[in-house]
Amino acid sequence: MNALNSIPISYYLMFCSVLFCIGVTGVLIKRNALVILMSIELMINSINLLLAAFSAYSNDPAGQIFVFFIMVVAAAEVAIGLAIIVLIYKTTHSIDIDILNKLKW
Amino acid sequence: MTILVALIPLLPLLGFIILGLGYRSIPKRVASILGPGTIMASFILSIIVLFNYLASPIPHPTFYHLAPWLSFSGFSVGFDFLIDPLSILMMLIITGVGFIIHVYSAGYMSHDEGFNRFFAYMNLFIFFMLILVMGANYAVMFIGWEGVGLCSYLLIGFWFKNQQFNNAAKKAFIMNRIGDLGFLMGMFLIFTTFRSFNYVNVFDQAKTMSPGSGTMIAITLLLFVGAVGKSAQIPLYTWLPDAMAGPTPVSALIHAATMVTAGVYMVARSSVLYVLAPETMDVIGVIALATMLLAAVIAIFQNDIKKVLAYSTISQLGYMFLALSVGAFTGAMFHLMTHAFFKALLFLGAGSVIHAMEGEQDIRKMGGLKNTLPRTYWTFLVGTLAIAGLPPFSGFFSKDEILAGVFSAGQSMWIIAVAVTLMTAFYMFRLLFLTFHGSYRGTGHPQSQLHESPSMMIIPLMILALLALAGGFLNIPELMGGKGILKEFLAPVFADAVKLNQAQHLLVPEKREWFNIVLVIFLVLLMAWMAYRKFGMQDAGSRKRETGNRNWDAGSRNVFIRWAENKFYVDELYDAVFVKPALKLSEGLHRFVEIRFIDRIVDGTGNTVIKFSSIIRYLQAGHVGVYMFFMIIGILLILFFNIIL
Amino acid sequence: MLTLILIVLPLLAAIGLFFVKNERWARNLALAAALTEFGISIAALVQFFLYCHCQLLFRLDWLANYGISLKFGMDGLSMLMTLLTTFLVPIIIYTSFSQKIYRVSSFYSLIILMQAGLIGVFTSFDGMVFYIFWELTLIPAYFIAGYWGGENRIRITLKFFAYTFSGSLLMLVAIIFLYSHTPLPHSFDHIWLYANNLNPTEQLWVFLAFFIAFAIKVPIFPFHTWQPDTYVTAPYSGSMLLGGLMSKMGLFGLIRWMIPIVYPVLSRTDGLFIIIPLIGIVYASLIAIRQDELKRFVAYTSIAHLGLIAAGALTLNSQAMQGAMIQMVSHGINIVGLFIIIQYIEARTKTTSISELGGIALKAPRLAVFFMIILLGSVALPLTNGFVGEFLLLLGLFKYYWLYAAVAGLTIIFSAVYMLWMYQRVMLGNTNLVTENFTDLSWREMIPLAAIVVLVIWIGVAPGMFMHLAENGVGQIIGVIR
Amino acid sequence: MNSIISLSVLGVLVLFLGILKKKTWLLPLILVGLLASLVMTVLHWNLNRSLFHNMLIIDNSGVAFSAVMIFSTFLIFMFAAQYYRKVVRPLDDIYAIMIFALVGAVLMSYFGNLIMLFLGIETLSIALYVLAGSHKEAITSNEATLKYFLLGSFLSGFLLFGIALIYGSSGSFDLYAIHTYVVEHIHPGLPPMFKAGLFLLIIGLAFKIAIAPFHFWAPDVYEGTPTLLTAFMATVVKTASVFAMYRFFSIAFFGIHGVWEMTIAILAGITIVIGNVTGIYQPNLKRMLAYSSISHSGYMMLAMVAFSGRTANALLFYAIAYSIATIAAFAILILVREARGNDYFGSFNGLSKNNRLEAFTLTVAMLSLTGIPPLAGFIGKYFLFAAAIEQGWLWLVIIAIAGSAVSVGYYFKPIISMYFREDQGILLKADWPFKIAILFLAILIILLGILPFLVSGLI
């Protein structure tokens, strides 16, 4: 606990924000659906960490409980996501997101 | 009495309604009774009204309120009639002459299939004309004012198969409308100044106003614009000659005897206002002189029998306005009356000639008709002498009175007036001689086949001839030991005007007056003689050498004459200055302003949106990456503006 | 109560008609409904005169917490307009019988629906309810013009709808804005709206919003370009509804809703806004001269006439307003008459191009007479309905500023020019191939024209009753302004 | 609360029926179940209480909105039979997932705690990802689901980040707790971290509501998704998210309009412009409806911007008016697609000849969406405009009416095709419950326009 407290909260904030931004950048620059999925996971995990930190600092369990919720939901989301990607691969034999632009304008 | 007075205009209206509704079913015989009958009836009624007026111990104008018309709080105009000497005189002229002409028409139009329609229109015209003169306020006068315009339109275009006639009719109506706008504005100004349209109220208040005030001048000028349109003065006179397209009785009734004199009546009616605006009087004088001169000149060079009479009408109307401008209101009315007689007579005579010649109107193709149409000839001669102003015919007295008035007002005007008198004499005698003297130059039928018109037409001629002969005695000037019955009769109407009249008139010694009279008579006779020398003995052979008079043919060497024959190209001028530009403008506005500008702006807005849409939709590129990119930009912007700033 | 019946009856009739399958039934029912409506409006008129001109008021809360209430009533103006509507609609329906129409039931149910909307507009005394009915009339008009219309109707009617709808939206904003500036508790009741507390700039904006909305509807130059095309493409009944009644909605709004609310703008701008319709008068008259398509011709003439009415109303001068109200009635009657005649001509000659016609008067004297009388009405000859209104309008304008009257007075000359020339080319002259076997009017055809002509002359000769109604209407408005 | 339970149970039941291969019982059961839970929801009226330490707050606005959503779902299910006529396999999975999505939506309308909000949103979204792709063999469907999934999870990341930041600064997920924090810190001013959280939260919801510039998914996904489910997306999802946002502004962020109103206003303006202007160019009705729904979310933001006691009412009415009109439009769309294979405006030509009822319904729906009185859509718009003008957002209202004027350009396309263009002579075949449903919708639209006080006075 003390070890945790010895690091100021702002560090956590910085760190998580950086992680989050890395995730966002990954989503933006990658064209591969799987990689994008992973980047999104990265974003979510940075948030988890942030929440955990906050709850630790404010001695309030709610944050950490919320983290569990997020994990569950994220898992579900990933499951769906992978299913979708498989589906796409079946039809297009590729998981490049730019192939799919029938729907536009 | 009210009923009687109301009946005077209503009877002709009734006639119109009956003839109009049954214009197919009613047989001609009935129509030829009904048409003139109603007029006769209202003529008799008018006479009763006259005696009723004279009979009353102290003759006074009477005011009849028949029905409300436009009336609400603070504003009331009713169908009101005013019976005073002026309106009585006009009523008598209208119904009297009208009746005679109706009778004549019954003969003249007998072969026309539009017989009933014709009488319906004629009755309607009489109705409106009576409304015009009987009305007790300007609004009611305006009803008649526009109504007679309508009837003249209908009757000029009576033979509507012919588009030329229709054009003439349209021209007449539109030119009248131009005048009417002026009249309307005048009315509005009267209302805004005096808060009433009633003659009595208006004049009573006007009397208190100082002469020459701006409003007064404006009012009188605006009203006069109306008169100019209606009485065919410069610049709105060109419709009258074209109006001859109508049947000849129409020309006689509307375009000679009654309607065209409405302007004169209106000015005389508003004499109080006019004497309070000397400037306007001068304007009227100038226009009158110019008109009578121009018309007379043109008349000399016309070869259409009706056109000559038309221009002479214009110049005679000029006479009347001249009289008004010098304040000789009685003289104007007097001349109006006598002119009604002899001009109607002349037109009907011309009609009889045309009737005999089966529609031929070119006097160069006539001649020597006095043997074939003797009665027509004699009556026509009376008319000519009357208009030429030779004693003892009516024209002499009326013209003399006007000339006397003009002389006392100013020598220069007098000289022009006399000049016009002489021209009048000249072209009238030219007309007479070319038509009736010399030898027959007709192309259509040999002279032997020509026949005198039926008595149905001749009797009216004779009655009118009688009037033209005797009409003058109604108002023999004191100079000749007369009492001036008409003057006394009309005196109460013009009393105020005479009292208020500023223009100082120099006293003219009797000797001088006599001299003038004799001089004029002598010169007129001279003119007659000249005309006889020139046109009196044209024989058939001379048609080749000089059809009528060669040097007066179009394309002759003398520019002035060519211009005169072409009426100085005024019609062409108007056409070029007003008609054509208006049409061009209409085209241009529609094609360029309407379609290419206003509508294009409207459609443009719509098209711009669609264009914008066709561009903006490319934002929806279809690539997830792009969407994410835009969203991130959005997020960053929002955070930037809200957190950093 | 009668007022409510006047609105509800046609609504029900319209719904009922929609389901009538049999064509003949649909026709007769529609006519019957319209005539009943006319009868009721006469009853309303009687009641109006009997009971001290009380506004036959009906009031019912609708959205109480938003200050909207169904408030209907009749003052002189509403009465005049209602009578005009209930008089014209039967005529329009009757004349449409001779037309070839498919989907009869929908056609007539739309016409009756439109009537309901019109009466709602003319009798509502609540700003929002007024707006609702205002829009309600637009839908039937759009469908009538679009579904039964002529060539490239789709583009034209969509333009018509979008244009007028945009104008109305402006008005909507203006009304709501007014509402938020009414004394507490806010309300759309006309008295509240009259008693608004806008500052001068807000007044100007509200004025502009209203003015544009109404100017588009009337239409007033330069917002008129939708109108000629629409008149041409719409079926005759549609053109009659548009020209005879819908245009009056705009003027009505001008008089009932715009002037009493934002009249200070008019006095402040010192007649600036009167110039716009004045330009319109001259402009439209000039254009009308050279139009060859009869409906288009009528469209332009009506722009000119309506411009005069608008100009007169904007002078805030009692005579002019009185004239405006009378002239609204007269114009409605005359333009419908003209459209009926054009319809008859087209039915016989299959053309509405002036240059192809001629000499009809020879073949059809009856038609010629009716045409001439209605024509005289619209050139404002004394003793016809046109004159009464135009006279008062010009007088009012003259009082306001003589030059305006002079310019507006040009219509007296112009109307003579274009009307007579048109008449000459259509009716007079000799017949040609198109018109040589032109049959005269049958009695059935004469009935509506006769009704119209009777009114033309009645209003012209004895306008007493109409004057009285208009006076009452003017009283309401002037009362507010003073 | 009951409704949440009952709906969940219903979903499970549906799945069981699927296992038992009782295809024919499916829809009746669902409709009855939905009605039942609708009743249960309504029974919560005026019972204002919060459950599980403010995890769920049951108040009238929540009840009303969840009722609206359940009702919309009910209507959509009315058309399910017609839509899936040709499909032989039991559709229990799809129906069940729809119901679960509805549970998520209801959860969103009751949440009193950010955790509940998150759960609601995710339940809804994940279900929708599946539904969007439920047309497995159609590539457009695949594309739709992929786009929706990627963008959705991406944006929910931001939402979460926002939640985290708010939690970090306020130290709680509870709306009221956050409100107390806000009230304390309103002076001297909220810390940037909190503000950032607030806006990220708003953005997360804005994505679900499809507010520009977070609207890009809507047109593509709508077009690709099976029509029946598009209707669900366009109505239930939007309603739920809008209400969630409202709940934030009315409880957690109450009293700090100054912070967010201008942002929302600008977003609303952009949304209205983009939605309406782009809508004009669309060749087919489905995509056009997508843009229409975008523009309408813009209009709803008007009510947010002009936040007042009446906002909930205005939003509720607008949501209802919009939902029923949109559902009606989609219903006709289903028919036309079935009969003519596509939904380009051309395939509506002459519809009014043989299918008067269908044509009439679609016309009413379109007019209502345009905002023509006396239809529900107009009243809804009026409430929004009135609120906005009273709060002095004149420029925004001007943009809004300009948008409405433009919207005539596309809402009238189907009307013109159905009435003014010549017939193609194809007859639409609809079974009687379908006909009754659309007639009911048309009448409802008109009725709400004439008697708006039925709804407008509720909350």
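**A note on chains B, C and D**

1. Let's begin with a pair that stays apart: chain A and chain C do not touch, and their nearest C-alpha atoms are 25 Å apart. Here two residues are in contact if their C-beta atoms, placed from the backbone, lie within 7 Å. Please keep in mind that this is a predicted model, where local features need pLDDT of at least 70, side-chain atom pairs count only at pLDDT 80 or more, and totals for chains, interfaces and linings use all residues. Residues are numbered from 1 along each chain as its sequence is written, while chains are lettered from A and ligands numbered from 1 in the order in which they are written.

2. Which chains share the most contacts? Of the 5 pairs of chains in contact, it is chains B and C. Their contact takes 38 residues from chain C and 40 residues from chain B. On the side of chain C that touches chain B, at least two residues each come from several helices, including H6 (153–180), H13 (318–349) and H19 (464–481). Helix H17 of chain C gives the most to this side, with 10 residues. By class, the side of chain C that touches chain B has 27 nonpolar, 8 polar and 3 charged residues. (Ala, Val, Leu, Ile, Met, Phe, Trp, Tyr, Cys and Pro count as nonpolar, Asp, Glu, Lys and Arg as charged, and the others, Gly among them, as polar.)

3. Now look at chain C as a whole. It has 19 helices and 2 strands; these are DSSP runs numbered from the N terminus, with helices (H or I) of at least four residues and strands (E) of at least two. The C-alpha trace of chain C spans about 70 × 55 × 45 Å along its principal axes. For its 482 residues, a compact globule would have a radius of gyration near 23 Å, and the 21 Å of chain C agrees with this. (The radius is taken over C-alpha atoms, and the globule rule is 2.2 Å times the number of residues to the power 0.38.) Buried residues make up 68% of chain C. A residue is buried if 20 or more other C-beta atoms lie within 10 Å of its own, exposed if 12 or fewer, and partly exposed in between, with C-beta atoms placed from the backbone.

4. Chain D can be described in the same terms. Chain D has 20 helices and 2 strands, and 69% of its 459 residues count as buried. Among contacts in chain D with a separation of 6 or more, residues 24 or more positions apart account for 80%.

5. Helix H26 of chain B (residues 624–644) deserves a close look. Its buried residues are B:Val624, B:Tyr627, B:Met628, B:Met631, B:Gly634 and B:Ile638. The buried residues pack against helix H2 (9–29) of chain A together with helices H7, H9, H10 and H12 of chain D.

6. Is C:Val480 buried or partly exposed? With 15 C-beta neighbours inside 10 Å, C:Val480 counts as partly exposed. Leaving out residues up to four places away in sequence, C:Val480 touches C:Tyr194 and C:Pro260. C:Val480 and C:Ala195 are 285 residues apart in sequence, yet 9.0 Å apart in space, C-alpha to C-alpha.
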